[in-house]
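Subject: Structure handover and notes

Dear colleague,

I am passing on the structure below, together with my notes on it. Please look through the sequence and the model first, and then read on.

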Amino acid sequence: MRIDAAGYLDGARFILSPNCDERPAGCAISLLVIHNISLPPEEFGGDGVIELFTNRIDPEAHPYYQALRGLRVSAHFLIRRGGETIQFVSCEKRAWHAGESCWQGTSRCNDFSIGVELEGSDTTPFTDLQYEALAALTRTLQSRYPITGIAGHSDIAPGRKTDPGSCFDWERYRAALPGADNGSSG
């Protein structure tokens, strides 16, 4: 697995999200942010997340979707329950995943981070295939970019966000990464 010069992961399914823009000049990618998402909430396997990230979600398709009307968000990657990795935004671009955020005294985390969504919720354990895919993706990203920190969305937006949630096993995830101190949170 590798990230090419344009910021795309070999082997990932690519679905273009318009919800991205250029990173600030000279801004190094130094943070990996882990999220969870399911649309509708607690339902897995559908196209709701893809529709949200591509601005095609139908607010009438589910009562929860009313609150998403006009929302423009994305992540670089989505890892489905079966381990499939979908890329929405080149790693070289700024995806709109973190919102108002701060990491180690620096705000605007979208500027210097890569966002990975796990299909799931705060209350549902993630699958073995997701942990395997996330660890492989993380190792690949770390070999391509100077990533010094790994955080949950809840770490960069405390009080506003709770993901990846208490069901995310940080210890298991960290054990699959090289080095004893990889800058992880959780």
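Two strands are said to pair here if DSSP finds at least two bridges between them, and the strands (E, at least two residues) and helices (H or I, at least four residues) are themselves DSSP runs, numbered from the N terminus. This is a predicted model, in which local features need pLDDT of at least 70 and side-chain atom pairs count only at pLDDT 80 or more, while totals for chains, interfaces and linings use all residues. Residues are numbered from 1 along each chain as its sequence is written, and side-chain values use heavy atoms, with hydrogens and water left out.

The chain as a whole

The secondary structure of the chain amounts to four helices and 10 strands, which follow one another along the sequence in the pattern β-β-β-α-β-β-β-β-β-β-α-β-α-α. The C-alpha trace spans about 45 × 35 × 35 Å along its principal axes. The radius of gyration, taken over C-alpha atoms and compared with a globule rule of 2.2 Å times the number of residues to the power 0.38, is 15 Å for the chain, which agrees with the value near 16 Å that a compact globule of 186 residues would have.

Of the 186 residues, 51% count as buried, where buried means under 20% relative accessible area, exposed over 50% and partly exposed in between, with a 1.4 Å probe and protein chains only. The chain exposes about 8500 Å², of which carbon and sulfur atoms supply 51%; accessible areas come from the Shrake-Rupley method with a 1.4 Å probe, and for residues only the protein chains shown count as cover. If contact is taken to mean heavy atoms within 4.5 Å, then among contacts between residues at least 6 apart in sequence, 70% join residues at least 24 apart.

Strands of a sheet pair through backbone hydrogen bonds, either parallel or antiparallel. In this model, six strands form an open sheet in the order 1-5-4-9-3-10, with mixed pairing. Strand 1 (13–14) and strand 10 stand at the edges with a single partner strand each, so one side of each is left without a neighbour in the sheet.

Strand 3 pairs with strand 9 (residues 113–119) in the parallel sense over seven bridges, and Ile37 stands opposite Glu119 of strand 9. Strand 3 also runs parallel to strand 10 (residues 149–152), to which four bridges join it; there the bridge partner of Leu31 is Gly149, and that of Leu32 is Ile150.

Why can strand 3 be called largely enclosed by the rest of the structure? Seven of the seven residues of strand 3 (residues 31–37) are buried, so the strand is largely enclosed. Both of its faces are covered, with Leu31, Val33, His35 and Ile37 buried on one side and Leu32, Ile34 and Asn36 buried on the other. Strand 10 likewise has both faces covered, by the burial of Gly149 and Ala151 on one side and of Ile150 and Gly152 on the other.

Elsewhere in the sheet, strand 4 (residues 77–79) and strand 5 (residues 85–87) run antiparallel and are joined by three bridges, with Ile79 opposite Thr85 of strand 5.

A residue in strand 6

Ala95 has its place in strand 6 (residues 93–95) and counts as buried, at 0% relative accessibility. Leaving aside residues up to four places away in sequence, Ala95 touches Asn19, Cys20, Ser74, Ala75, His76, Val89 and Asn110. Ala95 and Val73 are 22 residues apart in sequence, and their C-alpha atoms are 7.6 Å apart in space.

Backbone details in the loops

A cis peptide bond with omega of about -10° joins Leu39 and Pro40, and Pro40 lies in the loop between strand 3 and helix 1 (48–53). Another cis peptide bond, with omega of about 15°, joins Asp163 and Pro164; Pro164 is in the loop between helix 3 (153–156) and helix 4 (170–175).

Glu42, found in the loop between strand 3 and helix 1, has a positive phi of about 70° although it is not a glycine, and it counts as partly exposed at 42% relative accessibility. Asn55, in the loop between helix 1 and strand 4, is a residue other than glycine with a positive phi near 60°, and it is partly exposed, with a relative accessible area of 28%.

With kind regards
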